[in-house]
Every structure is written in C-alpha cells, then in structure tokens.
Amino acid sequence: MPPNAPLKIAVIHGPNLNMLGQREPGIYGTASLGHIDQKLALLAHELGCDLVSCQHNGEGELVDAIQRTSIDGIDGILINPAAYTHTSVAIRDALVAVGLPTVEVHLSNVYAREAFRRESLIADIAIGRIMGFQKDSYLLGLRALVGHLRGSA
Ligand code: DQA
C-alpha cells in the first residue's frame, strides 16, 4: 500500500439483513440496510477510508465475498454474518484464510435472546465484537476497526 493511501474496508452483511426496516423492528430497529450503508459511507468519509459493501443471503456467496477481499486490497472486514454466525464453519474458514483484521457486529444483543444465538463461530478469530446497539453497532464497529488498523499500522 502506498504511504497515505486510504484504508479500504469491506462491509459484509449476511442473510435477511436486506429486510431490515421491515424485519422485526423491535429487535433490529427501523433503519433499512440502505440507510445503514449510507451512514457507514458518511462515517468512512469522515474517517478517511474507503468502503465496499455487499449483502448476500447465501453462505457460498458470503464465502466468495470474503475471499475477494484478498485480491481487492482490503485492509479490514466489518461483518454481520447474521444467522450464519451461529452455524457456518465455511465463513469462519474463509475469514481465517484471508487473515484480515475482522470486527463482528450484530444489531441485537444476541445474549439477551434464544440460547442458540450465544454461539458465534467467529468470535475467537475476530479482533472484537459489537452488538446490541441496532444500526449504531455498525458505526461503532467501523470506528473500532479503523482505530485498530491505524494503531497497528
Ligand atoms: C443478527 C443476530 C442473528 O442471531 C440473527 O440471525 C440475524 C441478525 C443481528 O444483527 O442481531 O439475522 O446477526
């Protein structure tokens, strides 16, 4: 990376997050995914970094998106794997394979919900996890990831 090149962050949203706004607003909030991505883009601009964002419902497409980060010059990953958080060895393996600093985010506090949501297959390979603040979890996550990348540069 040339000196002073802006950091490049991949934001990866998992299944059913395309339905935010209409999906269980009491749990996930009323913001749509488009609104969250807009807020993230504004914050990225303020923090001086570039964002690429994607959402996929399929596990394989999410694995492809994670693998692409290694050819796209991405510096860090902000990911909400949604339901795959609790089940996907493939997503965990892809994150380990690319080896980029990763922050795990959730809109809801998964510990205040059903027991199966307490399991995360990526918790131990993430640099940190932020949850329970609805759309602000993403904004806090982006700040934390950029701070980590700048601190460790
Ligand atoms: C979620 C929590 C998951 O348990 C759930 O399956 C989701 C969203 C969250 O952001 O709170 O789809 O990742």
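## Ligand contacts

Start with Arg23: one of its polar side-chain atoms sits 3.0 Å from an oxygen atom of the ligand. Keep in mind that this is a predicted model. For His86, a side-chain N or O atom is 2.7 Å from a ligand oxygen, and for His106 the corresponding distance to a ligand oxygen is 2.8 Å. How much of the ligand does the protein bury? On its own the ligand would expose 320 Å², and the protein buries 99% of that.

## The shell around it

## Where H3 meets H4

Now for a pair of helices. H3 covers residues 59-68 and H4 covers residues 89-98. Their axes run 9 Å apart, at an angle of about 5°. Angles under 35 degrees count as roughly parallel, so H3 is roughly parallel to H4.

Which residues make the contact? From H3 come Glu59, Leu62, Val63, Ile66 and Gln67, and they meet Ala90, Ile91, Ala94, Leu95 and Val98 of H4. By class, this contact has 8 nonpolar residues, along with 1 polar and 1 charged.

Key:
Residues numbered from 1 in each chain as written. Predicted model: local features only at pLDDT ≥ 70, side-chain atom pairs only at ≥ 80, totals over all residues. Heavy atoms only, no water. Polar contact = N/O pair within 3.5 Å; in protein donor to acceptor, adjacent residues only side chain to side chain. Areas by Shrake-Rupley, 256 points an atom, 1.4 Å probe, with all protein chains shown as cover. Axes fitted to C-alpha atoms, helices over the stretch in contact; angles between N-to-C directions. Helix = DSSP H or I, 4+ residues; strand = E, 2+ residues; numbered from the N terminus. Parallel < 35°, antiparallel > 145°, perpendicular 65-115°, else oblique. Contact = heavy atoms within 4.5 Å. Nonpolar A, V, L, I, M, F, W, Y, C, P; charged D, E, K, R; others polar.
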